[in-house]
Amino acid sequence: MPKVTIDNIEIEVPEGTTILQAARMIGGDVVPPAMCYYSNLKTSGGYCRTCIVKVSQASAKDPRPMPKPVASCRTFVQDGMVVQNTTSPELLEARKGVVEFLLINHPLDCPICDQAGECDLQNLAYEHGAAKTRYDFERRTFEKIDIGNKIKLHMTRCILCYRCVKVADQLTDGRVHGVMNRGDVSEISTYIQNAVENDFSGNMIDVCPVGALTDNTFRFKSRVWFTNPLDAHRACTKCTGKVVLWTKGNEVLRVSARKDKYAEVEEWICNDCRFEHKNMEDWNVEGARKTAHDSVISQNHYENIDLQKLKLEINRQIKHQGGKKIKEVYTQAQIENKK
Ligand code: SF4
Ligand code: FES
């Protein structure tokens, strides 16, 4: 079995493992972010470039470095390969450039976007983005479109990761949507605004890493961090019926699939479970959902704040803003923490 070293950690992996999968086997900070790869969607990956890594030794047989960063979701491990992710400052700089490109047309509408709090792009921009944009040109904008009565497409926010297209291809029959045009005029669309109506189309909402595809039955009902997520199941003939209920009191505001620590759906759910069962009585509640992936939902415990970590994080952000007001911000955070 080939051995690969990622950020100075060596691991032996089965033949045919990609660098990203090997990094996930190690876990923790060495795992590169991934905006288009999705482990249970075939042929996903290779579109967004957020998962780039530096290969400083291609293999034991050929120890030369690869000439430029490679997409870790699409590059297979070779025996003796040496990879750098967080240990390479140039690589982190290059990833910052990728994030800047992803944000070129993305609107800064997080305050009104339903995906806020569980948006992979928001997390990515926070970790790897620059505080300011250098982009002066007019941004692409689109009218919002209803694709069917349950899904709203807000193309302005789309980063063209193709995940929803893979869902349509692999989970549903009679696919009616895809990417139209090429280059900077590409857009997700349906044939003549066809409705996307089939049993599993709702999964497109869950795989969308940004707020481009949102649940029409949940839009503007609540911020996710004000809801109470519960694991629940029901007997369903189309899917496993295992879901997360996003509740407020006894009201079920949204039903979604369960996601793992990489924000990937564990088991696809059908539209019946997702859209047609919004009563508590329809479900057997198992208990509180622990959100495994990075999200403000799982960060909502200010009493456990780590002051040292907070100081480092504030310093990092202030550095991007030209070194202003570090003292005041930090002191204020200390005061808040003591309250
Ligand atoms: S709509 Fe969402 S899932 Fe589909 S390509 Fe755009 S960002 Fe990706
Ligand atoms: S996750 Fe690898 S290119 Fe997008």
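In which sense do strand β3 (residues 52–57) and strand β4 (residues 70–71) pair, and over how many bridges? The first legend answers this for the predicted model shown above.

**Figure 1. Pairing of strand β3 with strands β4 and β5 in the predicted model.** Strands β3 (residues 52–57) and β4 (residues 70–71) pair in the antiparallel sense, over 2 bridges. Within this pairing, Ile-52 stands opposite Ala-71 of β4. Strand β3 also pairs with β5 (residues 81–84), again in the antiparallel sense, through 3 bridges. Here Val-55 of β3 faces Val-83, its opposite residue in β5.

**Figure 2. The hairpin of β1 and β2.** Strand β1 (residues 3–6) runs antiparallel to strand β2 (residues 9–12), and 4 bridges join them. One bridge pair is formed by Val-4 and its partner in β2, Ile-11. Asp-7 is not a glycine, yet its phi is positive, at about 50°. Most residues other than glycine have a negative phi. Because 18 C-beta neighbours lie inside 10 Å, Asp-7 counts as partly exposed.

Figure 3. Helix α4 spans residues 163–171, and its buried residues are Arg-163, Cys-164, Lys-166, Val-167, Ala-168 and Leu-171. Cys-164 is in contact with Ile-188, Met-204, Val-207, Cys-208 and Leu-213, when neighbours within four places in sequence are left aside.

**Figure 4. The nonpolar cores of the chain.** The largest nonpolar core comprises 51 residues. Those with the most contacts inside it are Met-35, Leu-121, Ile-159, Cys-164, Met-204, Cys-208 and Leu-213. Since domain 1 (3–101) and domain 2 (110–288) both give residues to this core, it lies between them. A second, separate core has 14 residues, among them Val-224, Cys-239, Val-252 and Cys-270. In soluble globular proteins, nonpolar side chains tend to be buried together.

**Figure 5. Helix α3 packed against helix α2.** In helix α3 (residues 120–128), the buried residues are Asp-120, Leu-121, Gln-122, Leu-124 and Ala-125. These residues pack against α2 (89–102). Leu-121 also belongs to the group with the most contacts inside the largest nonpolar core.

**Figure 6. The surroundings of ligand 1.** Ligand 1 is surrounded by 14 residues, of which the closest are Cys-158, Cys-161, Cys-164, Cys-208 and Ala-212. By class, this shell has 13 nonpolar residues and 1 charged residue, with no polar residues. Cys-164, one of the closest residues to the ligand, is buried in helix α4. Cys-164 and Cys-208 are in contact with each other, and both are among the residues with the most contacts inside the largest nonpolar core.

**Figure 7. The chain as a whole, for orientation.** The chain has 339 residues, of which 34% count as buried. It contains 8 helices and 14 strands. Among contacts between residues at least 6 apart in sequence, 63% join residues at least 24 apart.

Note on methods:
Residues are numbered from 1 along each chain as its sequence is written. Chains are lettered from A and ligands numbered from 1 in the order in which they are written. This is a predicted model: local features need pLDDT of at least 70, side-chain atom pairs count only at pLDDT 80 or more; totals for chains, interfaces and linings use all residues. A nonpolar core is a set of buried Ala, Val, Leu, Ile, Met, Phe, Trp, Tyr and Cys residues joined through C-beta atoms within 7 Å. A residue is buried if 20 or more other C-beta atoms lie within 10 Å of its own, exposed if 12 or fewer, and partly exposed in between; C-beta atoms are placed from the backbone. Domain bounds come from an automatic or database domain assignment. Two residues are in contact if their C-beta atoms, placed from the backbone, lie within 7 Å. A residue is near a molecule or strand if its C-beta atom, placed from the backbone, lies within 6 Å of it. Ala, Val, Leu, Ile, Met, Phe, Trp, Tyr, Cys and Pro count as nonpolar, Asp, Glu, Lys and Arg as charged, and the others, Gly among them, as polar. Two strands pair if DSSP finds at least two bridges between them.
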